[in-house]
Amino acid sequence: MRILIVEDDPALADGLARSLTRAGYAVDCATDGAMANTLLQDAVYDLAILDLGLPKMDGTEILRRLRQRGGKTPVLVLTARDAVEDRVSGLDLGADDYMTQPFNLSELEARARALIRRGQLGSNTALACAKLMLDTAARRAYIEKTALDLSAREIGVLEVLMLRRHKVVSKEQIMEALCQWDKDIGGNAIEVYIHRLRKKLETSGVHIRTIRGLGYLLEEESHAA
Ligand code: CA
């Protein structure tokens, strides 16, 4: 996952870059608008975090040009300005989300994750298998119309398995997805989440198979017989 940070305040750019790098993203930084515009033309990013007040080219102009070329990169606008007009014009130009400084880093990371996920899934945020439906945007799972009581981590595990259903998912892949919540999650914890999920999914028609030594596989029950 590659993120472009467009920010002319070096301290802020550095803080953001460190935090997102720690969270496992590959991060590029642009310190002026012209540089950002070039990078967005030449490289593929999963997310751009865009300041509006920039030297050489304003953030709104960068955004306008990006969308005009049909660029689909999700954009999180980050700015000191909190005027309603800025927010509205940013969203009109095709920003996907908006944060005003001072902002909380963990909130920014959470929003970045949501935008990246949304970008990967397109407008379709629902994953379905047998009677089970997972709304990846709302972080809710349903069996038919009944909402399930799942923790954020259980939803995280389920999401990884459903995104790669009918394929074996290793414990490491699950851990990698969960480290967004929990830095030092262990293999035993994964087993506990899988155990809980199996119980909660008993009536869903979905089965999580253990593939010894390799990981887990999510499939419809008819295939599991
Ligand atoms: Ca600025």
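**Entry 1: Lys 56**

I looked up Lys 56 and found it exposed, with a relative accessible area of 71%. By the cut-offs I use, buried means under 20% relative accessible area, exposed over 50%, and partly exposed in between (1.4 Å probe, protein chains only). The model is predicted: local features need pLDDT of at least 70, side-chain atom pairs count only at pLDDT 80 or more, and totals for chains, interfaces and linings use all residues. Residues are numbered from 1 along each chain as its sequence is written, and side-chain values use heavy atoms, with hydrogens and water left out.

I placed Lys 56 in the loop between β3 (47–51) and α3. Helices (H or I, at least four residues) and strands (E, at least two) are DSSP runs, numbered from the N terminus. I then checked the backbone: Lys 56 is not a glycine, yet its phi is positive, near 75 degrees.

**Entry 2: the whole protein**

I stepped back for the totals. I counted nine helices and twelve strands in the secondary structure. The protein has 225 residues, and buried ones make up 42% of them. I also looked at contacts, meaning heavy atoms within 4.5 Å. Of the contacts with a separation of 6 or more, 54% join residues 24 or more positions apart.

**Entry 3: Gly 33**

Is Gly 33 buried or exposed? I found Gly 33 buried, with a relative accessible area of 0%. Gly 33 sits in helix α2. I set aside neighbours within four places in sequence and listed its contacts: Leu 54, Pro 55, Lys 56, Met 57 and Ile 62. So Lys 56, exposed at 71%, turns up again beside this glycine. I also took a distance: the C-alpha atoms of Gly 33 and Gly 53 are 8.9 Å apart, and the two residues are 20 apart in sequence.

I went along α3, residues 59–68, and noted Gly 59, Thr 60, Ile 62, Leu 63 and Leu 66 as buried. Where do these residues lie around the helix? They are on the same side of α3, because they cover an arc of only 160 degrees around the axis. The arc is that of the directions from the helix axis to the C-beta atoms. After α3 comes Gly 70, with a positive phi near 85 degrees.

Next I looked at α2 (residues 33–42) against α3. Their axes are 10 Å apart and the packing angle is about 15 degrees. Axes are lines fitted to C-alpha atoms, for helices over the stretch in contact, and angles run from 0 to 180 degrees between N-to-C directions. I therefore recorded α2 and α3 as roughly parallel. Angles under 35 degrees count as roughly parallel, over 145 as roughly antiparallel, 65 to 115 as roughly perpendicular and the rest as oblique. The contact is made by Gly 33, Ala 36, Asn 37 and Leu 40 of α2 and by Ile 62, Arg 65 and Leu 66 of α3.

**Entry 4: helices around α8**

I turned to α6 (residues 152–163) and α8. Their axes come within 10 Å and cross at roughly 85 degrees. That is why I call α6 and α8 roughly perpendicular. On the α6 side the contact uses Arg 153, Glu 154, Val 157, Leu 158 and Leu 161; on the α8 side, Tyr 193, Ile 194, Arg 196, Leu 197 and Lys 200.

How do α7 and α8 pack? I noted an angle of about 90 degrees, with the axes 10 Å apart. That makes α7 roughly perpendicular to α8. From α7 come Lys 171, Ile 174, Met 175 and Leu 178; from α8 come Gly 187, Ile 190, Glu 191, Tyr 193 and Ile 194.

I also checked Ala 177, which lies in helix α7 (residues 171–178). Ala 177 counts as partly exposed, at 23% relative accessibility. Its C-alpha atom is 7.7 Å from that of Val 157, 20 residues away along the chain.

Where is Ser 204 found? I located Ser 204 in the loop between α8 (187–200) and β11 (206–211). Ser 204 is buried, with a relative accessible area of 0%. Its side chain reaches the backbone oxygen of Leu 201 at 2.6 Å. Not counting residues up to four places away in sequence, Ser 204 touches Cys 129, Ala 130, Lys 131, Leu 132 and Ile 143.

I followed one of these, Ala 130. Ala 130 lies in the loop between β6 (126–129) and β7 (132–135). I found Ala 130 partly exposed, with a relative accessible area of 49%. Its phi is positive, about 50 degrees, although Ala 130 is not a glycine.

Terms used. A polar contact is a pair of N or O atoms within 3.5 Å; within protein, one must be able to donate a hydrogen and the other to accept it, and residues adjacent in sequence count only if both atoms are side-chain atoms.
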